[in-house]
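Please examine the sequence and the structure below before reading on.

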Amino acid sequence: MDPKIGWFQKEQEGPSKELWKRFWDRYCRLKPHDKLKEGEEMKRNHEKANPAQFWHTNWASTYDLNRNYEVLIGQFGGTPWRPMNKEYDPRPIVGLHQEILDFYEYMSPTPEEHSMRKQVVRNIEAIVLELWPAARVEVFGSFRTGLYLPTSDIDLVVIGDWVNLPLRTLEDALLVKGICDKDSIKVLDKATVPIVKLTDKQSKVKVDISFNMNNGVRSAELIKDFKAKFSALGKLVLVLKQFLLQRDLNEVFHGGISSYSLILMTVSFLQLHPRADVLHPDCNLGVLLIEFFELYGRKFNYIKTAIRIKNGGTYISKQEMQKEMKDGHRPSVLCIEDPLTPGNDIGRGSYGALQVRQAFEYAYISLTQSVNPLNQTVVNPNVDSILGRIIRVTDKVISYRQWIRHTYMSKNESVSPSSSEVSVSSFGESDS
């Protein structure tokens, strides 16, 4: 099994698994001599890691979970959204629906997390306005729509009047003001959309800053409209974002699909769903999640079909899409028409879209097996997490959220000395 896509479930344990695991280790892994031995090498790497490099890793990653369970999710169990002693419905498909609701509630931003991010935005905005008093700073992306995970980036756009985009000027100012360290900021001036990427020194939140890209704000408002129309949208998207994030399939730069692409795929799925109850607040989220994975993991024709969400949504041929594209561009593997800019393909940078498709198919198979009534002797919603078969929350993410709660609560409320002593290093060492 590809260690990036998934991991073995408990019913797959046994002699057969051990046999195939030996085959995989011997013939399929790129560097057999670099294999991690029971997580010890990973532990040593974490212990010796440079703190500046540490904050640039994907804390949510579950890569090679089979080998490194104790390192990644050993302390907290990996499914912290399940309340203790809660009785889930014994019907697996209903239990999955209840788990998705619990996951959404658990992973939604806390007041401390939201306050922390607002402070990061204010700090950067103050520097921008000091440089260019006539400029304007706008928030877009997941922070504006509310669909962000604890480790998600903040997307900012600076609106102003420049002949040449002042990327380096902003970089220098952010360093001088101590917003970030030199090794945690990068200027991507050759990208399709030039941006400044940084990690805030105090909060460890990643920030992407672009210039004069008005579509970002309009896209966020469009998503908020769809959230109001489809009550299931926000809940499905948060699950799907976590699913991609922990597999490192959420960054276009690395071939994954962007948050915006994922949301448009979900909107299209809900628009074209044959059942009318997708608009109902009580629709079964477990059914919708499985059907989403089935559509984009097995049924969707990535070769010939493009997604359009305008005017109620439809599928169009890539040939039709290409007629509106300029400068000789051709539709990408995952072709999604920009609802705000005709001829723009939102998925054009997702060169690893077929690996995302493979991950979706894995999730479909895993969840379908778990909700099959014939498998209830294997999967009990009150004992085993059904959602946890495809999604886990790592110890590092949980510890980071605890640090945020202690740190940012103490700024507004009186806390005990033991709480106020929590430091960045305290959750950085949770896996060592």
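A residue is called buried under 20% relative accessible area, exposed over 50%, and partly exposed in between, with a 1.4 Å probe and protein chains only.

## Basis of the model

The model is predicted, and local features need pLDDT of at least 70, side-chain atom pairs count only at pLDDT 80 or more, and totals for chains, interfaces and linings use all residues. Residues are numbered from 1 along each chain as its sequence is written, and side-chain values use heavy atoms, with hydrogens and water left out.

## Overall composition

The protein has 432 residues, of which 50% count as buried. Its secondary structure comprises 17 helices and eight strands; these are DSSP runs numbered from the N terminus, with helices (H or I) of at least four residues and strands (E) of at least two. Contact means heavy atoms within 4.5 Å. Among the contacts with a separation of 6 or more, 69% join residues 24 or more positions apart.

## Residues with positive phi

Most residues other than glycine have a negative phi. D64, although not a glycine, has a positive phi of about 60 degrees. D64 is located in the loop between α3 (51-54) and α4, and it counts as buried at 5% relative accessibility.

D248 likewise is a residue other than glycine with a positive phi, near 55 degrees. D248 belongs to the loop between α10 (233-245) and α11. With a relative accessible area of 30%, D248 is partly exposed.

## Packing of α9 and α11

Two packed helices are described by the angle between their axes and the distance between the axes. The axes are lines fitted to C-alpha atoms, for helices over the stretch in contact, and angles run from 0 to 180 degrees between N-to-C directions. Helix α9 (residues 215-229) packs against helix α11 (residues 259-271) at an angle of about 35 degrees, and their axes are 11 Å apart.

The crossing of α9 past α11 is left-handed, a term used if the near helix is turned anticlockwise from the far one by less than a right angle, whereas clockwise is right-handed. On α9 the contact involves S219, L222, I223 and F226, and on α11 it involves Y260, I263, V267 and Q271. By class, six of these residues are nonpolar, two are polar and none is charged. Here Ala, Val, Leu, Ile, Met, Phe, Trp, Tyr, Cys and Pro count as nonpolar, Asp, Glu, Lys and Arg as charged, and the others, Gly among them, as polar.

An open sheet of three strands has the order β7-β6-β8, with mixed pairing. β7 (314-317) and β8 (335-336) are at the edges with a single partner strand each, so one side of each lacks a neighbour in the sheet. Two strands pair if DSSP finds at least two bridges between them. Strand β6 (residues 305-308) pairs with β8 in the parallel sense over two bridges, and I307 is opposite I336 in β8.

S210 is found in strand β5 (residues 206-211) and is buried, with a relative accessible area of 5%. Leaving aside residues up to four places away in sequence, S210 touches F140, L156, V157, V158, V193, P194 and I195.

## Salt bridges

Side chains of opposite charge can pair when their charged atoms come close. A salt bridge is a side-chain nitrogen of Lys or Arg within 4 Å of a carboxyl oxygen of Asp or Glu, and the whole structure contains 20 of them. One joins D102 and K86 (2.9 Å, N to O). D102 is in helix α5 (residues 92-107) and K86 in the loop between α4 (69-73) and α5, so this pair ties together parts 16 residues apart in sequence. D102 is buried, at 9% relative accessible area, whereas K86 is partly exposed, at 32%.

The side chains of D189 and R168 form another salt bridge (3.7 Å, N to O). D189 lies in the loop between β3 (185-188) and β4 (195-199) and R168 in helix α8 (residues 167-176), so the pair connects parts that are 21 residues apart in sequence. R275 and E291 also meet in a salt bridge (3.3 Å, N to O).
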